[in-house]
Amino acid sequence: RMSHASDAAATFAAGKTAAAALPFTKWSSHEQLHFLRALPRNLEAARMQELDAAFGLTRSRNSEVVSEWLLMAVRSGYAAAYPRLEEFLVEVGRRK
């Protein structure tokens, strides 16, 4: 059922699809999470920035999506998300 999100993650990670061409904003939060979790654990910072620019993931208002995104930011060394990570940890703390 979620194969379209997995397929999109694979083509994006391989550099075959630009972030702006992905239907990410049309997907449910479950599909968005599936996409993010299907990406490589240490996605290049440039690809992280591309996703963030296209979809505003660092400022997502969905706590599940932003939580997954911030984990990816840590793994990938995407420093642009670190201020939001600090805010998130202060706001949510260990509850997440």
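**Helix pair**

I started with helix α1 (residues 3–13) and helix α2 (residues 29–38), which pack at an angle of about 40 degrees with axes 8 Å apart. Helices here are DSSP runs of H or I with at least four residues, numbered from the N terminus. Axes are lines fitted to C-alpha atoms over the stretch in contact, and angles run from 0 to 180 degrees between N-to-C directions.

This is a predicted model: local features need pLDDT of at least 70, side-chain atom pairs pLDDT 80 or more, while totals for chains, interfaces and linings use all residues. Residues are numbered from 1 along each chain, and side-chain values use heavy atoms, without hydrogens and water.

Why are α1 and α2 oblique to each other? Angles under 35 degrees count as roughly parallel, over 145 as roughly antiparallel, 65 to 115 as roughly perpendicular and the rest as oblique, so the angle of about 40 degrees makes the pair oblique.

I then listed the contacts (heavy atoms within 4.5 Å). From α1, His4, Ala5, Ser6, Ala8, Ala9 and Phe12 meet Glu31, His34, Phe35 and Ala38 of α2.

**Leu39**

I found Leu39 in the loop between α2 and α3 (45–55). Leu39 counts as buried because its relative accessibility is 5%; buried means under 20% relative accessible area, with a 1.4 Å probe and protein chains only. Beyond its neighbours within four places in sequence, Leu39 contacts Ala9, Phe12, Ala13, Leu51 and Met72. Ser6 lies 33 residues from Leu39 in sequence, yet 8.1 Å away in space, C-alpha to C-alpha.

How values were computed: Helices (H or I, at least four residues) and strands (E, at least two) are DSSP runs, numbered from the N terminus. Buried means under 20% relative accessible area, exposed over 50%, partly exposed in between (1.4 Å probe, protein chains only).
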